[in-house]
Amino acid sequence: GLAQAWRRLGAGLAQKLGSVAASMEGATWHLTRRGRGPVTSFVISLLLLASCASSTDGLSIGNKHSSRSPSSIISKKANGGASKTFTFDVEIGPDNGTTSRDYRRMTNLLQRALDISLLRNKIRSALCSTFLPSGYPHQTPPGYLSYSMWSWAQDLTTQMRAVLATQRVLEGVGAGKEGATALSASLNFIFRDGCGMLATLLFTSVAASKFRSDIKRWRLLADIAVDIGITLEVAAPLFPKTWFLPLISIATMFKAVCGVAAGAAGGAINLHWSRGSDISDINAKFGAQHTVTGGLGLLSAALFATSVSHAPSTVTWLLYALLTAFHIYANARCMRLVAFDSLNTARTDLLTSQFFEQRETRSETSPSLMDPETVSGIEPLFFFWKRPNNLSKFPILSGISFNEFARLSGESPSVLKDAIAKAPKDKYLVASGKRRSGGGLSVLLVFLSSATPEQRAKGYYHALCLCQALQKEGFQPRGRRGQHFRSYQNVQEAEGRARQECEQSWSLFREGAVNAGW
């Protein structure tokens, strides 16, 4: 009976409650309970009223001229031998022209519950439309809300430490001290901001073409750069006065590096979250989220700065260190939630390592490779990383210029052009060569400007095959300094074996990667 009442409650309570109330004018409702439980009785009264509002099936409601309707059994419950039966009786008095007080009270309670539920739904809808992208969670990649929460947390830590850094910089320029002038402070800020602009231009010219291949690592590098900049600003007043301006200028340069790298990486990350949605909507919602976290961060930062203003220096630096460590941790958690489905060098290393293991231990023709979500949890987030143990440690110089490729490989440009003409579909060249500095071998990889992303992936896979072939021939990444690599024996055989291995296994590797979602 309770289940049926709940089903009827959802069928049209809001639409039919008024009409039922009008049709039952003059009715007196009584609840007959055999057993204990006044709270249960009241709840069942509400449920039955809801069932009447949705449908009159299963309950006979008399009119003004009837004396009494049959009792309706709502539920029966047996508990340890004690039986409880809940019924709902409708008595219609011939002289009773108004609804009873109990009925009016229950109607008011239901109406209030409906009003609260509608208000709650409106508030929830307004918050979702302001802070969450349209189509969430069905049309956005998994992990969006967790990513947003960790992003809010790292924003709060940055705001709290930035206010402390601003306070220290103002102290350093002489705010509140005798003899300090506005002109000297302005000149300090002008020089500091000029250094930041110069760093922005230099860093953009050097690293702009490299952001695409390592979005996550550049994003973490940006966070580390801003942490270094804030730390230098906080520590600047502790050094001699002559060091103050150089320190805050260097800090601003680190912040400029963060601005360039974080902006470039943030665009690619937003593009990832916009799959199934709209990039403009994603950007707008992230902007709204950062506005709220910025306001909360300012309030938290003011409380933090006030709390540590009179605290011992050791306590202040301890809290600052904890906030900095949490900032890096929160950003690392954010990056773990971003599962890019495109291959870069680090992800290709992981998949190739797994592929080589399966080729040695299994006989299946179709490999089973890790999907993007799995790789996202183990891929490197910092630049100082080493390849998996089962891959060769020969360095791969990827994407170098054609002239540098010819110089390091020891081949003439005409020979290399002939090699390109013989294999026009590959649009890349792979060879062993000297290192840029010191002795030993390296693997060189150059692409034509018209190479597609798949051809670039194949070129890097070919380079890894050459690394494995060189290692099997007994070559070491480090050799005698100054010795030309062509003096080593069997290097030509290693290159031929790598080329053959690549042609035989690339299609299997590609099939496994596509099946895994890459």
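**Note on the predicted model: helices, core and aromatic pairs**

1. Helix 6 is largely enclosed by the rest of the structure, because 16 of its 21 residues are buried. Buried here means under 20% relative accessible area, exposed means over 50%, and partly exposed lies in between, with a 1.4 Å probe and protein chains only. Helix 6 covers residues 215-235, and its end C-alpha atoms are 30 Å apart, which agrees with the 30 Å that its 21 residues should span at 1.5 Å a residue. The expected span is 1.5 Å times one less than the number of residues in the helix.

2. Residues are numbered from 1 along each chain as its sequence is written, and side-chain values use heavy atoms, with hydrogens and water left out.

3. As to the overall make-up, the protein has 15 helices and six strands. Helices (H or I, at least four residues) and strands (E, at least two) are DSSP runs numbered from the N terminus. Of the 518 residues in the protein, 42% are buried. Among contacts between residues at least 6 apart in sequence, 76% join residues at least 24 apart; a contact means heavy atoms within 4.5 Å.

4. The largest nonpolar core has 36 residues, of which Val443, Tyr461 and Leu470 touch the most other members. Such a core is a set of buried Ala, Val, Leu, Ile, Met, Phe, Trp, Tyr and Cys residues joined through side-chain atoms within 4.5 Å. Two or more residues come from each of helix 10, strand 5 (428-434), strand 6 (441-447), helix 14 (453-472) and helix 15. Helix 14 gives the most, with nine residues. A second, separate core of 22 residues includes Ala165, Trp218, Ala261 and Ala262.

5. Not counting residues up to four places away in sequence, Leu470 touches Phe394, Ser432, Val443, Phe475, Val491 and Ala494. Of these, Phe475 is found in the loop between helix 14 and helix 15. With a relative accessible area of 8%, Phe475 is buried. The C-alpha atoms of Phe475 and Gly440 are separated by 8.8 Å, although the two residues are 35 apart along the chain.

6. Strand 6 pairs with two strands, a pair requiring that DSSP finds at least two bridges. Strand 5 runs antiparallel to strand 6 and is joined to it by seven bridges. Within this pairing, Val430 has Leu445 as its bridge partner, and Ser432 stands opposite Val443. Strand 4 (residues 396-398) runs parallel to strand 6, with three bridges, and Ser398 stands opposite Leu445.

7. Which residues point each way from strand 6? Leu441, Val443, Leu445 and Phe447 point one way, Ser442, Leu444 and Val446 point the other way, and all are buried. In a regular strand the side chains alternate between the two faces of the sheet. Strand 5 is largely enclosed by the rest of the structure, because six of its seven residues are buried.

8. A search of the whole structure finds 20 aromatic pairs. Rings of Phe, Tyr and Trp (its six-membered ring) pair if their centres lie within 6.5 Å; planes under 30 degrees apart count as stacked, over 60 as edge-to-face and the rest as tilted. The Tyr136 and Tyr144 rings are tilted, because their planes stand at 55°, with the centres 6.0 Å apart. Tyr136 is partly exposed at 28% relative accessibility, whereas Tyr144 is buried at 1%. Phe355 and Phe509 form an edge-to-face pair, 5.5 Å centre to centre with 75° between the planes. This pair links distant parts of the chain, with Phe355 in helix 10 (residues 345-361) and Phe509 in helix 15 (residues 491-515), 154 residues apart. Both Phe355 and Phe509 are buried.

9. Two further aromatic features may be noted. Tyr136, Tyr144, Tyr147, Trp273 and Phe286 form one aromatic cluster. The charged end of Arg456 sits over the ring of Phe447, 5.1 Å from its centre; the criterion is NZ of Lys or CZ of Arg within 6 Å of the ring centre and within 35 degrees of the ring normal.

Definitions and conventions. Predicted model: local features only at pLDDT ≥ 70, side-chain atom pairs only at ≥ 80, totals over all residues.
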